Every structure is written in C-alpha cells, then in structure tokens.
Amino acid sequence: MSKPENLVTTPYDPRPFFDEMFMNAYSVRPHYQSTFLQFMSMKTGNLNKRQTATMKRMMEEGITFTLYSPDQTEALERTLPFDPIPRIIPQEEWIKLERGLKQRVKALNMFLKDIYHEQSILKDGIIPRKMVLSNCYFRPEMMRLSIPNDVYVTASGIDLIRDEQGEYFVLEDNLRSPSGFSYLYKSRSIMTHLFPELVFSHSIQDIEHSLNVFLTALRKLSPSGKSDPVIGLLTPGCYNSAYFEHTFLAQQMGLELVEGHDLVVIDHKVYIRGIKGLRQIDVLYRRIDDDFLDPLAFDPNSMLGVAGIMNAYRAGNINIVNAPGTGVADDKAIYAYVPDMIRYYLNEEPILNNVPTYILSRPDERAHVLEHLHEMVVKETSLSGGYGMLIGPTASESEIADFRLKILANPDRYIAQPTIQLSRAPVMIDGQMAARHIDLRAFVIAGEDIQVIPGGLTRVALKEGSLVVNSSQGGGCKDTWVVR
C-alpha cells in the first residue's frame, strides 16, 4: 500500500507483536482500510481538538474512575483516558468468540450449582476438593440454596487477549461484580457524537439494545413472578471507584439506586425506605463484595450491606445478582480448570483456550516457575484489577526476589503464566499514531438464555511497553466495533 500524502503519522513496524490494524509498516488489514484512510485525511489540529472535546465531554458527564495507590494519602479521581481510534473485529471472528464465551459462562454456572449442591465434579476428582472448599470465596451459607433458573452469574466480564500469532485466549473470568459496562456504552456515545463520519460509514453491530437484554434478564430472575418486579442496584456509595457506573446503569435501566442504609429487612422480606413508606424489592443487583453484604451472615463490621438480607434470600423473597459465593469460580487457580469444566458438564471441547497456567501448590510446577520467574507473570489468586502481580520481564531483581519469598511462604495463593506479548493497536497521541498493548473485556448476560454484548470494552495500556491495561492501574479504553 502506498504512503498517503496527508499522513499524520509515521506508521510503526508492528513486529514482533500481532497488531490489530497493521500487517506491516505500510499494509493495513482489510477491515481497517476505511478507518485508516479517514484518520489519515484528518488534520492534526482537528484531531487534537476532537480529543480535547472528548476529555471535556467525559468530565462534564462525570465519566470518572477512582485510582487508589498505597503511595497516596488520598484517592485520585480522574477521567478514564479514551482513545478515538476504534478497535475493529470482523463479524466472522466475533461469531467464534461469541460461541466460546457462551460455552464458558454456561459451564461456570453449572460448576457453581454443582459445588453448592451435589459436588459431583469434586467427587469425581476433576478439581481438587481442597482447592474449592478452602477457597476464601466459597460460601457454606449457599449450600443447597435454590437459585432462580440456576443462574449464579448473571453479569460476567471475560478478559480476552491475543498472542503474537493473533490467537485469542481467555486471560481471566470476572464473575463477582465485573466493572466496565458503562464505559462500553459511553465509548460508543462519544464516538457517535465526535466522529460521526467514522461511525456512520461502517456497519457496526448495535450495543444499545444490550441494556434491555440486561434488564430483561434481571426481571426474569425475580423470585416473585411479578410482571414488573422492583429491582435495585446496591452501591457502596459515591466514594467507590466505579460509582459513575452504578449511577449510569441505574438511570439507563430504571433501577432503584440504593445503599445499605436505604434498605430494611422485615419478616424475611427486603424493603426500600422512601418518603411514601416501604416498598418491597424483588431483585438486587449488588455491586459490593460478599463480605459486606450482610453483617449477620458475613463481616459483622460491615456498614455497607443489609442486616438479614441472606435470610430473605434463603426464604426466596429476593434474588441477589450475582449470587453470593460466585467468587470461587473466578479465583485464578480455579480458572485453570475451566476447560475441564466444559468437558465435564457439556461434553464439549473448549472453543476458547486458557492461557497456560501453573498451579504453584504443585511442587514440580512451583519449582519450574521459581527457576523462570523473570519470564513469568505471577498473580495472587484472590485479587483482581492488576493488583498482587509480578510481570517478570519488566520486574527488578529485588521485586523478583520478594515474590520468590511470597511464593515459598504461601504457594497456594499464587498461579503463574508465561508472559504473552499482548496484541497491539494504534492510539492517537499528539496527532501521531503510537502502538500500545490492549486486551478485550467481553460482557456476557445470562438470564433465560445467554447473550454476549457485541464488541465489549477494549482496554489500553497507555504506558509504552506496558502489559497492564487495568483502569485501576492507569489504563485507558477505546470503542470496540463488530463490523458486518
């Protein structure tokens, strides 16, 4: 491909990584041709002006994320950095991803039902019993408790990456209260308003209807059977890092946005306090962790939850989404067994592969990892958001030595994976295209059936060379298009 006259960038050489847009320095992948040429025709000043308008719009709409750091005395609230160059996925590629995601979430729900009832997968030795029953997220309070439609995980965020050959892998499953839904919708809204010529020149699968899919799933999971159940979204409050998302989803889906002190349990039923009195709530989409949900059942010091809500849940008078105890299925050690779950419950081969994973409680695997720490990514099994990680190739000798001691002291708490060089995509920096590593958080909604929101949220590691894309670690995002 010849070099365009009005180039606003010197295209980078994508090697040795897989690049979403470029096959080589001057060869653009077919599904990106139109987008590339449209960006090349834009003047640098115009691009900078649009990026400035983007950040202003995000600030005005309160599209923020709170960063926490042990080095800071106060949390830092900031707008989520947004890149205007979309990530484009061809429809034929998306169809395979969609099938694989549905398969995975179906198996994970079956696993959760099993371990809280018959525990067949443990009896048959597919997964070590100790790994499940001693897991900090396993909740004995959920044993033998019936769940509407057997849906333990209604909303999940499955993180996908691509390796150097462009093959997709599942990096991790986020099943407790995954964040990012709001940024998915806001990214599309921003692109539509500030880059309409780009959006309307492509045939992009719609995502707006997915909010109705989510709302319908919540309604169908009501234990009351009412045609119009009362649904609440339980938030920890305005100081939570994802509070913008909580308010956005409540507004867009017509949910009652509530904090723990807004709710009361009477006769094993949960009510919302209001100026007109009490109103019974049927479904609670909670965005707080299990520990804080009910001080009578879990952490007695919690001020965020609702005393007695687990009794109401056991009585069948309210459904809690996602169900308590789902965290055991997104533990990073349990993750290694998801392909076995798919084979066990569905009698199918996994459509999407896991990243190869070492279980450090196994002596031989631990020994191998300790010899190759400088090549590995090590993760604490119960943490998320980019916390508790060692990225060996970029870590200092002292950081590697510290992690070695942590692993030796508590090997059960860690897993390790070979470092996969995430695929890259161009981002716009000062009117120039620059390569940054990305991943994809795909959102799956399970109700009467399982549906995947087309595209998901592409997260960007804004620091050059970094493999950490998490918003909590300073990453950004870009709109993701599934094109027909």
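Author: Happy to. Please keep in mind that this is a predicted model.

Reader: Let's start with helix pairs. Why are α2 and α6 called oblique to each other?

Author: Helix α2 (residues 44–60) and helix α6 (residues 181–194) pack at about 135°. Roughly perpendicular covers 65 to 115 degrees and roughly antiparallel begins over 145, with the rest counted as oblique. The pair is therefore oblique. Their axes are 11 Å apart, and α2 passes α6 in a right-handed crossing.

Reader: Which residues make that contact?

Author: From α2 come Arg-50, Ala-53, Thr-54, Arg-57 and Met-58, and from α6 come Ser-189, Ile-190, His-193 and Leu-194.

Reader: And what makes α3 roughly perpendicular to α12?

Author: Helix α3 (residues 91–115) and helix α12 (residues 338–346) cross at roughly 80°, and their axes come within 9 Å. An angle from 65 to 115 degrees counts as roughly perpendicular, and that is why the term applies to α3 and α12. Among the residues of α3 that meet α12 are Gln-103, Ala-107, Phe-111 and Asp-114, while the α12 side includes Val-338, Met-341 and Tyr-345.

Reader: How do you know that the length of α8 is close to what is expected?

Author: Helix α8 (residues 209–220) has twelve residues. The buried residues of α8 include Leu-211, Val-213, Phe-214 and Leu-218.

Reader: Now for the strands. What makes β6 largely enclosed?

Author: Buried means under 20% relative accessible area. Eight of the eight residues of β6 (residues 155–162) are buried, so the strand is largely enclosed by the rest of the structure.

Reader: Which residues of β6 point one way, and which the other?

Author: Ala-155, Gly-157, Asp-159 and Ile-161 point one way, Ser-156, Ile-158, Leu-160 and Arg-162 the other, and all are buried. In a regular strand, side chains alternate between the two faces of the sheet.

Reader: How do you know that β6 pairs with β7 and with β21?

Author: Pairing needs at least two bridges. β6 has six bridges to β7 (residues 168–174), in the antiparallel sense, and six to β21 (residues 432–446), also antiparallel. As examples, Leu-160 has Val-170 of β7 as its bridge partner, and Ile-158 stands opposite Ala-442 in β21. In the hairpin of β6 and β7, five residues lie between the strands, and Gly-166 takes a positive phi near 85°.

Reader: Why is β24 also described as largely enclosed?

Author: The reasoning runs on burial again: eight of the eight residues of β24 (residues 476–483) are buried, so the rest of the structure largely encloses the strand. β5 (residues 82–90) runs parallel to β24 and is joined to it by six bridges, with Asp-83 partnered by Lys-478. β23 (residues 457–460) runs antiparallel to β24 over three bridges, and there Arg-459 is partnered by Cys-477.

Reader: What makes β9 and β14 edge strands?

Author: Their sheet is open, with parallel pairing in the order β9-β8-β13-β14. β9 (256–258) and β14 (319–321) each have a single partner strand, so one side of each is left without a neighbour in the sheet. Neighbouring strands here are turned by 25° against each other on average, direction ignored. Three bridges connect β13 (residues 283–286) with β14, and Val-283 stands opposite Asn-319. Helix α8 packs on this sheet, touching β8 (231–234), β13 and β14, and helix α9 (residues 243–253) touches β8, β9 and β13.

Reader: What makes β10 and β12 edge strands as well?

Author: They belong to an open, antiparallel sheet of three strands in the order β10-β11-β12. β10 (263–266) and β12 (277–280) each pair on one side only. In this sheet, neighbouring strands are turned by 40° against each other on average, direction ignored. β11 (residues 269–274) and β12 share four bridges, and Gly-274 is partnered by Gly-277.

Methods
Residues numbered from 1 in each chain as written. Predicted model: local features only at pLDDT ≥ 70, side-chain atom pairs only at ≥ 80, totals over all residues. Heavy atoms only, no water. Helix = DSSP H or I, 4+ residues; strand = E, 2+ residues; numbered from the N terminus. Expected span 1.5 Å × (residues − 1). Buried < 20%, exposed > 50% of the residue type's maximum accessible area, 1.4 Å probe, protein only. Axes fitted to C-alpha atoms, helices over the stretch in contact; angles between N-to-C directions. Parallel < 35°, antiparallel > 145°, perpendicular 65-115°, else oblique. Left-handed = near helix turned anticlockwise from the far one by under 90°. Contact = heavy atoms within 4.5 Å.
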